[in-house]
Every structure is written in structure tokens, then in C-alpha cells.
Amino acid sequence: MSSSTRSIDASRRPVTVPQIASSKVRAGSEPLVMVTAYDAPSSRVADEAGVDMILVGDSLAMVVLGYDDTLQVTVADMAHHVAAVARANPSALVIGDMPWMSYHVSPAETVRNAAELIRAGAGCVKLEGGAKRVGMVEAIVDAEIPVMGHIGLTPQSLHAMGGFKVQGRESQAALQLVADAKALQHAGCFAIVIEGVPGEVAAMITDALDIPTIGIGAGPRCDGQVLVMHDLLGIEDRMAPKFVRRYADVKAVSVEAVSAYADDVRTGAFPSSEESYHLNAEQAEAMALYGNLPIGD
Ligand code: KIV
């Protein structure tokens, strides 16, 4: 299938975790395509475009709910949006992002929270952090829930990192990222997101793993890429990180469309007679008898 949309590919089968887990570019696989979505229409857009994975990311907090960071969303918020994405019944694998503090307290609470996202419709979950998350990853995997890891610039560590900063620039930090990735793979992760890391370091991590890496701001040598839907469509136009490529300017088109609507309402050009419901002649006549309507409207 070409890079164009795949909406008419009725035979498209659900993308599974084992398929993703075995997709290494070095073994001949096509790079994996992942994008975020947060509701049913954006889920349909992503799926009709033929992406492999839809991430219901906690970026929800920033791009949809208007918060300044991702720390504000809860498991209930995430489940609400996972369910909306899943209701569109995409063939793409739906990933439920575990929000901050949903996998930090105890394995039991972690598994319960992961299960809530699965019950909402996700096929797997994602969580942030390296070797120190191994216990929680093992607990979730033990409950038969597939887990995607996420290392590098992990937005939930905003305060610990001192801001949204590229990670792994020093050799010690780069080696730690490789060790983190290997620990997550060993714990049972089926894929790992690498965010905000020099391309050379992401390549090292990718080469060190048997499971695929999905990059965002991590250069071209990952086994796949992910972008936030609102960034790539230009719905979110206030910030443009270096790694974002905008494929559309939906914000500008939308402002133009809503302005045209506002003008039409104010000038009386909307709605027209064709855009209105009408009584038939008999109904109009009956009403006119009661003095409510002029005949022949
Ligand atoms: O929440 C999110 O959108 C993410 C991606 C940036 C990987 O975690």
C-alpha cells in the first residue's frame, strides 16, 4: 500500500502487539507509524491514514485540555479518552498512556490502573522511565497486559529534569539510556518510545535491542516514529519543537472557516432558505387560519 490513505482497505486487519514487537527495520520491516489521538474523529483520521499505532497520550493534558504540562491528567481522564478513541473501532493498535502517579505507588495499584485503560479499550499501555520501572512493568506484563516503555525526555519527569531538555548528550547518560532500554526489554516491554535524545544515541539504543524503538525527536534511526496529532496537523500552533514537521495548517484553515461563518450570520447570509426547514402548503394554510403565519412563506 502506498503512503496515501488506506480508508478503503476494508481488509485491513487489527494490528497486534506481536506484530509490532517483531518489527525491526534491520530485519527488513517498514518503519512503524504511530500518532496520538484523543477522540473518535481523530482516531478515524489516524486509522483511515493507515497508521500502525494510535497513542492516547497524556499529551492530552497539554494539547486538548489546556494544561501547561502532562502532570494534571488522571487515570479517569485517560480512560475517558481511550474509550472515545476505541469507539471508532480502529484497526491500529490503541495504546493507553499511563498518567503520572498511576504506576509509582505499588504493583497492585499499577496493575489496577493499567487494567482500567485496557477495559476502556486500549490494547496495551505505555509508561515512562527506565530501569527503575522494571518492577511495575513486570507486574503489568504478569497480568497479561502488554507494555510499551518510554525513555529519554520523559515529560512526566519535568521537575526532576529541570525542564523539557534533550537527554543523553553526555556519554554516561547515553550509556544509562542503553542500559534502561535493555532493562525494559528484559522486563517484557514489547517496544520502547525514545523521546528527545540525539539521533546517534537513539541509533545505539535501537541497535542494542531486539524490540522496536519508536522515536520522537530522536532522529531517523529508530524502528518507527511518533508525532502528536495536533502538532503534525498544525492544530496546535503556539509551540513548534525542532522535531515537529507540520503536514497541514488546520488551525489557520479552521479560523478562516469559523470567521466566514461568523460573517454570514452577522450579514444574514446564513442560513439560506435551502438550509431551513419549511411547512408544506397545507400546514402553512392551517397555521395562517389561526393568524400565526402569512400564507405562502
Ligand atoms: O503523551 C504523548 O503524546 C507521548 C508521545 C509524545 C510519545 O507520550
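Me: Which residues in helix 8 and helix 9 meet?

Reply: A174, L175, L177, V178, A181 and K182 in helix 8 meet V201, M204, I205 and A208 in helix 9; contact means heavy atoms within 4.5 Å. The model is predicted: local features need pLDDT of at least 70, side-chain atom pairs count only at pLDDT 80 or more, and totals for chains, interfaces and linings use all residues. Residues are numbered from 1 along each chain as its sequence is written, and side-chain values use heavy atoms, leaving out hydrogens and water.

Me: Why are helix 8 and helix 9 called roughly parallel?

Reply: Their angle is about 30°, and angles under 35 degrees count as roughly parallel. Helix 8 and helix 9 are therefore roughly parallel to each other.

Me: What makes helix 6 and helix 8 roughly parallel?

Reply: Helix 6 (residues 134-142) and helix 8 (residues 171-187) pack at about 25°, with axes 9 Å apart. Helix 6 and helix 8 are therefore roughly parallel as well. V134, V137, E138 and V141 in helix 6 meet A183, L184 and A187 in helix 8.

Me: Which residues of helix 9 are called buried?

Reply: Buried means under 20% relative accessible area (1.4 Å probe, protein chains only). In helix 9 (residues 199-208), V201, A202, A203, I205 and T206 are buried. Their cover includes helix 8 and strand 5 (147-152).

Notes: Axes are lines fitted to C-alpha atoms, for helices over the stretch in contact, and angles run from 0 to 180 degrees between N-to-C directions. Helices (H or I, at least four residues) and strands (E, at least two) are DSSP runs, numbered from the N terminus. Angles under 35 degrees count as roughly parallel, over 145 as roughly antiparallel, 65 to 115 as roughly perpendicular and the rest as oblique. Buried means under 20% relative accessible area, exposed over 50%, partly exposed in between (1.4 Å probe, protein chains only).
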